Amino acid sequence: MKQDFTFSKFVLSELNYTDNEIKQIIETLQRGDFAYVGKKEYPAIRDNDIWRKDNVSGIDVPVLWTPDTGITNETILLLAQDPLRDTDYWDETFCHDFTCTKENRNKYVVVGTPYALHYFSDSNFKATQLSNGKRKSWRVKIYYNLIRSIVEMGYNVYCTDIFKYYFLGHKYKVCDFDKKILGDEVTRLKEQGPLRVLCMGKKAHDGIVGLQGVDKQSVNVPHVRARNWDLNTDAYKIKFICDKLSTENQDL
């Protein structure tokens, strides 16, 4: 299974990054690191003043996962909520330059990928030892295994969030800015072949409501970390989602 960052550049462009900045961001992600870049302003988003001041903000760029043999002609758009961040991302383990100082953190944003899977060279998701003595745990193995299972069904999997940005004060109301970016993503993907949308959680589903050619034909499942799975195992959740994709086989 391979990661393809081709579509990331379009989203970064819509987030106001220049071609040179985009090139540097993608090269950093391809090395398996998080990118620390200047924070842009988005007047169209809700709570923009808080976004500018927040010091644990993040952006996730989309990643297309494909079989080792190359891109197939059908894609599942795996839509989740947002790129969560916390203060651990400012540890020297991830951030190596002056942007790590507390005075600068509100000026920079931590750029990664959905579920931070670019950070792992294989499917071994052990905790990361931080320079401050803490260990950062990653509860992301289920996402990797879900993506791999869908890829093994013969699809590409395009991972993205309805909110491309995260900050602590965000009220999580999907706005036109969010839908515009997602709508453009859908258009680009449909040019490659048949596309279906798998929504994980309510916010993801809210993001496609009213999106032409998508909202009435999506596959909706609870987020894999939602409480309404009760005590079901990861294997059960993955099988449930894959079975639902198989039984609700409709092209968008």
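Tutor: Start with a definition: Ala, Val, Leu, Ile, Met, Phe, Trp, Tyr, Cys and Pro count as nonpolar, Asp, Glu, Lys and Arg as charged, and the others, Gly among them, as polar. Keep in mind that this is a predicted model. By that sorting, the lining of the second largest pocket holds six nonpolar, five polar and four charged residues.

Student: Which residues are closest to the centre of the second largest pocket?

Tutor: The second largest pocket has a volume of about 260 Å³. It is lined by 15 residues, with Thr-28, Phe-34, Ala-35, Tyr-36 and Asp-97 closest to its centre. Phe counts as nonpolar and Asp as charged. Helix H2 (19-30) and strand S2 (35-38) each supply at least two residues of this lining.

Student: What makes up the lining of the largest pocket?

Tutor: That lining divides into 11 nonpolar, five polar and 10 charged residues. The largest pocket has a volume of about 660 Å³. Of its 26 lining residues, Asp-82, Leu-84, Tyr-115, Val-140 and Tyr-143 lie nearest the centre.

Student: How do you know that the span of H2 is close to the expected one?

Tutor: The expected span is 1.5 Å times one less than the number of residues. H2 has 12 residues, for which 16 Å is expected, and it reaches 16 Å from its first C-alpha to its last.

Student: Which residues of H2 are buried, and why are they placed on the same side?

Tutor: Buried means under 20% relative accessible area. In H2 the buried residues are Ile-22, Ile-25, Ile-26, Thr-28 and Leu-29. They cover an arc of only 160 degrees around the axis, so they sit on the same side of H2. Their cover includes helix H1 (8-14), S2 and strand S6 (108-112). Asp-19 and Gln-30 are exposed on the face turned away from the buried side. After H2 comes Gly-32, with a positive phi near 90 degrees.

Student: What about H7: which of its residues are buried, and why are they on the same side?

Tutor: Lys-237, Ile-238, Ile-241, Cys-242 and Leu-245 are the buried residues of H7. Their arc around the axis is only 125 degrees, which puts them on the same side of H7. Strand S5 (75-80), helix H4 (141-152), strand S11 (195-200) and strand S12 (219-221) are among what covers them. On the other side, Ala-235, Lys-239 and Thr-247 are exposed. H7 (residues 234-247) has 14 residues and reaches 20 Å, close to the 20 Å expected.

Student: Why is Asn-228 called exposed?

Tutor: Exposed means over 50% relative accessible area. Asn-228 has 55% relative accessibility, so it counts as exposed. Asn-228 is in the loop between S12 and H7.

Student: And why is Asn-16 called partly exposed?

Tutor: Asn-16 is at 42% relative accessibility, so it counts as partly exposed. Its loop runs between H1 and H2. Asn-16 is not a glycine, yet its phi is positive, about 75 degrees.

Student: Why is Ala-116 called buried?

Tutor: The cut-off for buried is under 20%. Ala-116 is at 6% relative accessibility, so it counts as buried. Ala-116 is in the loop between S6 and strand S7 (128-129).

Methods
Residues are numbered from 1 along each chain as its sequence is written. This is a predicted model: local features need pLDDT of at least 70, side-chain atom pairs count only at pLDDT 80 or more; totals for chains, interfaces and linings use all residues. Side-chain values use heavy atoms; hydrogens and water are left out. On a 1 Å grid over the protein atoms alone, a cavity is a set of points where a 1.4 Å probe fits but cannot get out, and a pocket is an open set with protein on both sides within 12 Å along at least five of seven lines; lining residues have an atom within 4 Å of a point. Grid points are joined across faces, edges and corners, and a volume is the space filled by probe spheres set on the points. Helices (H or I, at least four residues) and strands (E, at least two) are DSSP runs, numbered from the N terminus. Buried means under 20% relative accessible area, exposed over 50%, partly exposed in between (1.4 Å probe, protein chains only). The arc is that of the directions from the helix axis to the C-beta atoms. Contact means heavy atoms within 4.5 Å.
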